[in-house]
Amino acid sequence: MADAITFEIFRTAEDGRTRFDRFPVPREGPVTVLDGLAWIQRTLDPTLAFRYACRVGMCGTCALVIDGREGWACRTRLRDLDRPVIRIEPLRHFPIVRDLAVDMAPFFERYMAAGGAFVPRSEASMPAAPVPAAERKEIDPFVECISCGMCYSACRMVALSPPFLGPAALNRAFTLARDGRDALGPARVTALLGEEALWRCHFHFACVEVCPKHIDPAQAIQRLRQEAVGRALGMAPTSPPAALPARRGFLIGAGAAVALLAAGAWMFFRQTSASPGWSEAIDLPPIRPGAPVAVQYAVLADGERISRRAFLVTDERGQVVALSGRCTHQGCPVFWKAATQTFLCPCHGGIYDRSGKVLSGPPPRPLVRLETRIDGGRLRLRGEEG
Amino acid sequence: MPEGRPSMEALKRSLDSPRAWEAAPAGLWAWVLQRVSAVLVVVLVGVHLWMPWSRPLRLTLLATVILHAVLGIRVIILDFARSVRIQKVLLVVLVGLGAVLLALLAYILP
């Protein structure tokens, strides 16, 4: 590893133009990216602007985009960055004040738009309200948010649709919607049903991946959606203990769907086992050697009169044979194509030669040869199942 | 310019810029692939009706449908999952299962 690492830093100028400045930072001395930025400001360029406060991974003020990924400068160690050059940019989707410093105001406006403020119940008279353990257990993983803005910066849906409230604000809304001491209750979820709130999230999980506090904002959005859908369907809100019915409902639905599919498949593949006998007699059409002649005939199967199509062709020995007009793949009607001297099935492209042999395509077997019988100068056919 | 006023537009991460794709999360790929495969299925079905005998075309259509289907199943599972942390593993497992299914069907189907 080289003894210096180059910081390529996003800079702004008074005229609104932007550029990247490169600064070599020694690997001896500065430990974190934040140390490196401070070192640059002290020794190379005092005009470099960046934000930080606690320096110890608590406040989230130093959030930046480091090599395209959100991270906090004070918790990103230089020794973990084994690249010669690292690019440092301000958070995305925030107005830039200068260089790496961004304006957080629009971010918190979205908090308010998502109903981010606690509204106490009026009947709360006790100085301290006891909270059910189950409720806290559900909310606690989501309350650790430090409003650093990394999730909002990482969210591609914010990029595609700027009015989208974003992960942090919706995560906050979830913690309040599930808080029994809050007066708004279901109204919070209803208020978030708009296009730019719950339904704009497409679950890229960028927020989950960048959150420095390991919160799952996407999970919060998911729970709010489940509650919203539950209410729309007239069901009680689904908190995790009560989420089981929803899941059971899903399992029942999935089971029913599978059963339905299986029944459909059985109906589809079921072949009528009753083997029909000889067909009704038909007039013998004029046979021309070389060109198959299509004939229409009828059989009785299970008391039903079924109309069928067959082709009469002359084989190599001059014998007339009858070929079923149904493709052996899925039973579509085949037709004779004189130009290529082949039978063609339009459904999946099965091709047969004049004798019914498969030349190409999905058919598993040659066309079925039917038994023929001349009965009083008229033709009867037999042999096709189903 | 008054001091402290935002001096310029926020950096965007619009999907048409190549920079949007650096450090792209797995879920973004799943999302984009599902949209792309949806459009592809519509196009390929049309072409398939037109030239149904082409086996490579049939297999491409099958692969696209399977990809679209497993990504859809992933979304449904995540809708009901207790934790979304499974999303990456789920993506790999489902796409893997889809690949196995595709290989199987390609072997069976003519």
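In which sense do strand 1 and strand 5 of chain A pair, and over how many bridges?

Modeller: The model is a predicted one. Strand 1 (residues 4-12) of chain A pairs with strand 5 of chain A in the parallel sense, over 4 bridges. Within this pairing, A:Phe7 stands opposite A:Ile86 in strand 5. Strand 5 of chain A also has a link to strand 3 (residues 63-66) of chain A: 2 bridges join them, and these two strands run antiparallel. Here A:Ile66 stands opposite A:Ile88 of strand 5. In general, the strands of a sheet pair through backbone hydrogen bonds, and they may do so in either the parallel or the antiparallel sense.

The next point is how far strand 5 is covered. Of its 5 residues, 4 are buried, and the strand is mostly covered. The residue A:Ile88 illustrates the surroundings. Not counting residues up to four places away in sequence, A:Ile88 touches A:Phe7, A:Glu8, A:Ile9, A:Phe10, A:Phe20, A:Val33, A:Leu37, A:Leu64, A:Val65 and A:Leu100. A:Ile88 also belongs to the largest nonpolar core, which has 82 residues. It is among the residues with the most contacts inside that core, together with A:Phe7, A:Ile9, A:Val33, A:Leu37 and A:Leu192. The largest share of this core, 6 residues, comes from helix 6 (residues 167-177) of chain A. Apart from this core lies another one, of 12 residues, which includes A:Val321, A:Cys327, A:Cys345 and A:Tyr352.

A:Asp82 is found between strand 4 (69-72) and strand 5 (85-89) of chain A. A residue counts as exposed over 50% relative accessible area, and A:Asp82 is exposed because its relative accessibility is 57%. The C-alpha atoms of A:Asp82 and A:Ile5 are separated by 8.7 Å, although the two residues are 77 residues apart along the chain. For chain A as a whole, consider the contacts between residues at least 6 apart in sequence: 56% of them join residues at least 24 apart.

Strand 11 (residues 320-324) pairs with strand 10 (residues 304-314) of chain A in the antiparallel sense, over 5 bridges. The bridge partner of A:Ala310 is A:Ser324 in strand 11, and that of A:Phe311 is A:Leu323. Strands 10 and 11 form a hairpin with 5 residues between them, and A:Gly318 in the turn has a positive phi of about 85 degrees. Strand 11 also pairs with strand 16 (residues 369-375) of chain A, in the antiparallel sense and over 2 bridges; there, A:Ala322 has A:Leu370 as its bridge partner. These strands belong to an open sheet of 6 strands, in the order 8-17-16-11-10-9, with antiparallel pairing. Its edge strands, each pairing on one side only, are strand 8 (282-283) and strand 9 (293-301) of chain A.

Most residues other than glycine have a negative phi. A:Ser147, in the loop between helix 3 (133-139) and helix 4 (150-154) of chain A, has a positive phi near 55 degrees. A:His214, in the loop between helix 8 (206-210) and helix 9 of chain A, likewise has a positive phi, of about 55 degrees. A:His214 is exposed, because its relative accessible area is 61%.

Finally, some nonpolar residues lie at the surface. A:Leu193, A:Trp199, A:Val229, A:Leu233 and A:Met235 form a nonpolar patch there, with about 460 Å² of accessible area together. A:Val229, from helix 9 (residues 217-232) of chain A, is partly exposed, with a relative accessible area of 37%. For the whole of chain A, which has 10 helices and 17 strands, buried residues make up 46% of the 386 residues.

Key: Residues numbered from 1 in each chain as written. Chains lettered and ligands numbered in written order. Predicted model: local features only at pLDDT ≥ 70, side-chain atom pairs only at ≥ 80, totals over all residues. Heavy atoms only, no water. Pairing = 2+ DSSP bridges. Patch = residues over 30% accessible without salt bridge, like charges linked within 9 Å, V, L, I, M, F, W, Y side chains within 5 Å. Areas by Shrake-Rupley, 256 points an atom, 1.4 Å probe, with all protein chains shown as cover. Salt bridge = Lys/Arg side-chain N within 4 Å of Asp/Glu carboxyl O. Buried < 20%, exposed > 50% of the residue type's maximum accessible area, 1.4 Å probe, protein only. Contact = heavy atoms within 4.5 Å. Core = buried A, V, L, I, M, F, W, Y, C linked by side-chain atoms within 4.5 Å.
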